[in-house]
Amino acid sequence: MAYLLLLHQKMSLKRKVNKLTLAQTSIGTRKDRITKRIESVQKSYARKQSKLQAQAKQMTSFTNSIMNQQMMAMQQAYQSVDANTLLLTYADGKNTYYNKDYAEKYNALVEAQKQGTDSKAYKEASDKLNELREDTKFQKAYQQAQEQAMAYNNNVAFQKQMQQQFMNTFTTNVSDQVSIWLECQTQALEDEEQLALAPLNEEDTLIDIEQASNEAQLSYAQSRLESIESALESRAQEAPKFGA
């Protein structure tokens, strides 16, 4: 009678083990699916985050490009001068330091230089220019031109410095604004991702709980089955053998 009871328990436990094993496989399949869905959502938001960062970088790069262009334009607009330039440049009568006599003799020397510095033309042109340079009236004009050039160059340097400070401040402000924008957009995106993941994570947790519970039941059933099978084997060995 005890043997038959053990045999009945064995068959019942086998069915339970098979049922729990099948359930474990089914749970594993559901676990794989929910894991892939979670990973898919995470990848989707990772791509969105990359686009945000690329957009922020593009805005910063665009600003830097504009500022570089402004810097180049400023360098061209604010060029320093020297006394020689003031004496040679007529500039539609706006340059009061223009000296026609000096300009003619200077240009004549430049033209004569094409014939060689050892040529007669170059020597004559050089002598005439040096003679003018030694003139007291011209030296006074040259000194005034030097002072004007220095004042102009100081003003140019100041204007360059002010423009540089303005552009640096503007670039920094834009960079800060872009950083703030990116931080806000990133936070909003993370909140949206958490909202999208919430039901999936909840389902994933429930699957984990179900899987752990089923695994515990399966382990216990398998242990009981092994115990009963061992008991049945012992009973079979202890039973009298007829005809022995």
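Which residue caps the N-terminal end of H3? The answer comes in point 2, after a word on the model.

1. The structure is a predicted model.

2. Helix H3. Asn99 is the residue that caps the N-terminal end of H3. A side-chain oxygen of Asn99 lies 3.2 Å from the backbone nitrogen of Asp101. The helix itself covers residues 100-113, which is 14 residues. From its first C-alpha to its last, H3 reaches 20 Å, close to the 20 Å expected at 1.5 Å a residue. Its buried residues are Tyr102, Ala103, Leu109 and Ala112.

3. Helix H4, length. Helix H4 takes in residues 120-133.

4. Which residues of H4 are buried? They are Tyr122, Ala125, Ser126, Leu129 and Leu132. These residues cover an arc of only 125° around the axis, so they sit on the same side of H4. The face turned away from that buried side carries the exposed residues Lys120, Lys123 and Glu131. As background, an α-helix has 3.6 residues a turn, so residues three or four places apart point the same way.

5. Lys123 pairs with Asp127 in a salt bridge whose closest N and O atoms are 3.2 Å apart. Both residues belong to helix H4 and are four residues apart, about one turn of the helix. Lys123 is exposed, because its relative accessibility is 53% and the cut-off for exposed is over 50%. Asp127 is partly exposed, at a relative accessible area of 39%. A further salt bridge joins Glu124 and Lys120, with 4.0 Å between the closest N and O atoms. Glu124 and Lys120 are also four residues apart in H4, and so are separated by about one helical turn. Lys120 counts as exposed at 65% relative accessibility, whereas Glu124 is partly exposed with a relative accessible area of 39%.

6. How many salt bridges does the structure hold? There are nine. One of the salt bridges links Lys31 and Asp208, with the closest N and O atoms 2.7 Å apart. Lys31 lies in helix H1 and Asp208 in helix H5 (residues 136-238), so this pair ties together parts that are 177 residues apart in sequence. Asp208 is partly exposed, at a relative accessible area of 32%.

7. What separates Glu203 from Arg30 in sequence and in space? The two residues are 173 residues apart in sequence, and their C-alpha atoms are 9.8 Å apart in space. Glu203 counts as partly exposed, with 36% relative accessibility.

8. A contrasting pair. Ala73 is found in helix H1 and counts as partly exposed at 40% relative accessibility. Between Ala73 and Thr136 there are 63 residues of separation in sequence and 40 Å in space, C-alpha to C-alpha.

9. Thr63. Is Thr63 buried or exposed? Thr63 is buried, because its relative accessibility is 9% and the cut-off for buried is under 20%. This residue is found in helix H1. The side chain of Thr63 reaches the backbone oxygen of Met59 at 3.1 Å.

10. A nonpolar surface patch. Which residues form a nonpolar patch on the surface? They are Tyr3, Leu4, Leu7 and Met11. Together these four have about 360 Å² of accessible area. Leu4 belongs to helix H1, which is made of residues 2-77. With a relative accessible area of 54%, Leu4 is exposed.

Note on methods. Residues are numbered from 1 along each chain as its sequence is written. This is a predicted model: local features need pLDDT of at least 70, side-chain atom pairs count only at pLDDT 80 or more; totals for chains, interfaces and linings use all residues. Side-chain values use heavy atoms; hydrogens and water are left out. Patches are made of residues with over 30% relative accessible area and no salt bridge: like charges are joined within 9 Å, nonpolar side chains (Val, Leu, Ile, Met, Phe, Trp, Tyr) within 5 Å. Accessible areas come from the Shrake-Rupley method with a 1.4 Å probe; for residues, only the protein chains shown count as cover. A salt bridge is a side-chain nitrogen of Lys or Arg within 4 Å of a carboxyl oxygen of Asp or Glu. Helices (H or I, at least four residues) and strands (E, at least two) are DSSP runs, numbered from the N terminus. Buried means under 20% relative accessible area, exposed over 50%, partly exposed in between (1.4 Å probe, protein chains only). The arc is that of the directions from the helix axis to the C-beta atoms. A polar contact is a pair of N or O atoms within 3.5 Å; within protein, one must be able to donate a hydrogen and the other to accept it, and residues adjacent in sequence count only if both atoms are side-chain atoms. The expected span of a helix is 1.5 Å times one less than its number of residues.
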